[in-house]
Amino acid sequence: MIGALLERHPRFANWLYGFTPPERGTVVLVHRRVYIVPARLGWLYAATVMILLIGSINYAIALGFGLTFFLAGMGLAAMVHTARNLARIGVSGGRAEPVFAGEPAQFRLHLDGRARFDRPAILARHLGSGSQLVIDIPAHGVAEVVLEVPAKRRGWLPLGRVLLETRFPLGLFRAWSYVEPDVRCLAYPKPERSELPPPIAEAAAGALRAQSTGNDDFSGLRTYQLSDSPRHVAWKAVARSDHMLTKQFTGEAAAELWLDWGLLPAGLGLESRLSRLAGWVLAAERGGAYYGLRLPGVEIAPGRGDAHAAACLQALALYPSS
Amino acid sequence: MKAPAHPLVPEIRLVSARDLAWLIGSLLLVILPHTLRAPWWLTLLTLCLFGWRFYYALDRAPLPSRWLIIGVAAVGMLGVWMEYRSLFGRQPGVLLLLLFSGLKLLETRTHRDAAAAAFLGYFVIVTNFLYTQSILTALLMGAALFSITATLVGLSAPNRPPRANLRTAGLLLAHAAPAALVLFLLFPRVQGPLWGLPQDAYAAMTGLSDTMAPGYISSLALSDAIAFRAEFQGEPPPQTLRYWRGPVMWDFDGRTWSVGALLPTEVSPPAAGRVAYQYNVVLEPHNRTWLFGLETVASVPPEARYSIDGLLLARLPVRARMRYEVTSTIATATRRDEHPVLLRRALRLPLRSNPRSNALAAQWRSAARSDDEVLTRAIGFLRDGRYVYTLEPPLLGADSVDEFLFTTKAGFCEHFASAFVFLMRAAGVPARVVTGYQGGDLNPFDRIVTVRQSDAHAWAEVYLSGRGWVRVDPTAAAAPGRVESGLARSVPQTQQSLMLRAELEWLRNLRHQWEAVAHKWNVYVLGYNPERQRDLMSLIGMRDADWRSLTATLFTVLGGMTLVLLAWSLRRLARPDPVQRAWRAFCAKLAAKGVERAPAEGPRDYAARAARALPGARRAILQIAALYIGLRYGPHASARRAKRLRRLVRELRLT
């Protein structure tokens, strides 16, 4: 119910949470942003202390009073310790690699302890998707959590609100805070698994035949470059050595082809067109072709390699929807 | 730095063998004193349940079914019922709690269950205090408190090394201590109980009883338990005068003496004589109304009344350690004009019992001219009769006085007192048995007289017309050492408990020092009650503190302490760590030369840019950045590297 209320009135939510999203740079959880309430175990603990108090009064047990009051004082101390475990953590977002719509986006969050003591058992939960992890932040150290958020649509996917929570040290209190760092992940259109259309397919095939025997002819290894496709990384070799190695193929031909919006059937909707184009980009890249992309108002000159494919896919991802 | 991540919050994770071992260890510590009192089969059953659960943890097998647990619970409860014929009351209740601690473990799956079991451990701690609140128990239970808390910390931080958890537990307890002290002193104390206590709540208390059969005091004399302590203003009276008056026995059935019913007459004690002793007594609870005082009591504490046979009586049975102030005087005789009803009662004897003693008394009566002379003859008879004073008297039958006087001729003080009073009554002299304590141990360190159950004694009082009740100690006639130097020197050593033996001087010395500490503990910690709380409050300027003003003070102080604790937690956070400080200084130095760090620039990129811009300091800049990255994100952070980073930043000269 409260969730729905906050959903409908974002300004009320901003006031309640004490910040206006999204937040740039490192977000520090100041005390104002850390909330604390007794957890379920805390109520059980309080009941135990009450029973001990009544028993001590009834039987006039001096040391029973001593124990009761020690436990009460420890409850108080636990409250301060729990709030401290979360207070002043610095949260910053890391790089999020682009994904295709329908896949989970992997958001990295860096939790900087910024303290001389360690901060055990910090829960980070993405509110939208419910994905969560519990980590320990070492003293003077930083911990990284990877939250998997499904990308439903193409385009920029903002991280959204993240809950940070802890019950350390005794589990009696629950301290929590919300952050919304300015991190986003690019979601490419979901690629349609389709062959290249006949005109370009023939051109591509002809060019490939002329130059080589095929795409899968392995010719050797070279060191990895950032633009290499992960599919071409020689994972087995990587596992043996420590260096990233890329497989080279002799079939890498140079047939120039245009993936053109105009080639698509007329009756196709916008999202389906983008999906099919995305599928073509992948197919062309797989085929080792030298390809360009032409959309209404956008033209990307022919090229090859992962960086080129990424540029094409980004253009498709950010193509305005209306 | 890489930290292991887990998708579940700790409290719903399954409990690991490590955490379970901590929990079981803590619970063992808590139930240790109980196992010494519990029947052996219950101790064994509880330990088996603990071991069973631990076996499951090692074996990773699913826990036993609920029906099996209920079955074990039913068997255990049946056993307790067979043993005590009840499931309620103190001892059966505690035993059931032991059983449940084992059963609770058997259904402990998650960390939350384990935390609930740990709370049960806190609860069991307090049940130990129902039996004893000695310093040793307090220390053991303090260790248990620490251990349970460390277990709880471990449950909420499963990846942490146990040493770090112990440190956190210690920190928590240290932070709790001031609040606990304030609560202990200021929490408005109410005099319990709030409701009726179980029948056996005070069963463990030892002390004198309202009846005296042969062999009764000698069994008490084997106990080293403390009856009370007395602190005198000025010099305590000598050993031979330290008769602490207890219940007075009027009625005799041929074998057993008893207090009987006394008319509740309001009387006041005799005025204090020339030699008066002022002292206060810290009385151990004995579940009776008697307050012991030195003969003859001359003042009545406000919480007591004075009985017609010269005894101080509390209004309610003494069930908590009690402290009162008395003045006593050394009088030779009391109540010169005793009521004739009481005098008649002091002559009553059962018909046809102990015929030989009766005959002997009748013979004295006819030969003597006065009561005094009868008395002298009786004392002489006991002194010259070669009676043996022993802690292990032979058993006596129905005519106990005859058997003692003429057959066995060996007995403890109750035999002498009983026989003497019988002889007096048979000879027509009003007499009664007085029980109580004689002597007591003077602690040379704090000058406090400690009276133990082993000082229990019985003597006689005879009524001599014109003088009143006069104390006669028949034991002193037969075994003078008993009164002059205590029990230790008057019975054979093999019959005494270890502590009483006189030759172990160093042991006694050690014991005296320990008891001085224990006395302080009793008075200041265990004896803190509503009354002392009022005293303390008036000491700090709060006259007539009621619960409202106490609560207000309590909350003010507690609030202030929480603020201090909060300030502490902020202080630890506010200061960045030395590595971060060094890095900031480094950034500031570079910024002064025009190379400012962009908000989103990582240390590696920033250092590379700075090295290009300031080629003169290239080496130092890259070294600092590498060290910083290693310390912040690498697995090998060490104090030595941090020190080196600080030195490099300090010595960095940019041109």
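Figure 1. In one salt bridge, the side chain of Asp118(A) meets that of Arg160(B), at 2.9 Å from N to O.

**Figure 2. The side of chain A that touches chain B.** Contact, meaning heavy atoms within 4.5 Å, joins 62 residues of chain A to 73 residues of chain B. The area buried between the chains is about 6100 Å², and carbon and sulfur atoms give 71% of that area; buried area is the accessible area, found with a 1.4 Å probe, that two parts lose on being put together, summed over both.

**Figure 3. Helix H3 of chain A beside helix H5 of chain B.** Helices (H or I, at least four residues) and strands (E, at least two) are DSSP runs numbered from the N terminus. The axes of H3(A) and H5(B), the latter spanning residues 111-128, come within 10 Å and cross at roughly 10°, where axes are lines fitted to C-alpha atoms, for helices over the stretch in contact, and angles run from 0 to 180 degrees between N-to-C directions. H3(A) and H5(B) are therefore roughly parallel to each other, since angles under 35 degrees count as roughly parallel, over 145 as roughly antiparallel, 65 to 115 as roughly perpendicular and the rest as oblique. Among the residues that make this contact are Leu44(A), Tyr45(A) and Ile51(A) of H3(A), together with Phe119(B), Tyr122(B) and Phe123(B) of H5(B). By class, the contact has eleven nonpolar, two polar and two charged residues; Ala, Val, Leu, Ile, Met, Phe, Trp, Tyr, Cys and Pro count as nonpolar, Asp, Glu, Lys and Arg as charged, and the others, Gly among them, as polar.

**Figure 4. Helices H10 and H12 of chain B.** H10(B), residues 355-367, packs with H12(B), residues 400-408, at an angle of about 70°, with their axes 7 Å apart. These two helices, H10(B) and H12(B), are therefore roughly perpendicular to each other. The residues in contact include Pro355(B) and Leu360(B) of H10(B), along with Leu405(B) and Phe406(B) of H12(B).

Figure 5. The peptide bond from Phe168(A) to Pro169(A) is cis, with omega near 5°, and Pro169(A) lies in the loop between strands S10 and S11 of chain A. In chain B, the bond from Glu295(B) to Thr296(B) is cis with omega near 5°, and Thr296(B) is found in the loop between strands S8 and S9. Arg352(B), in the loop between helices H9 and H10 of chain B, has phi near 55°, a positive value in a residue other than glycine.

**Notes on the model.** Residues are numbered from 1 along each chain as its sequence is written, while chains are lettered from A and ligands numbered from 1 in the order in which they are written. Local features of this predicted model need pLDDT of at least 70, side-chain atom pairs count only at pLDDT 80 or more, and totals for chains, interfaces and linings use all residues, whereas side-chain values use heavy atoms, with hydrogens and water left out.

Conventions:
Salt bridge = Lys/Arg side-chain N within 4 Å of Asp/Glu carboxyl O.
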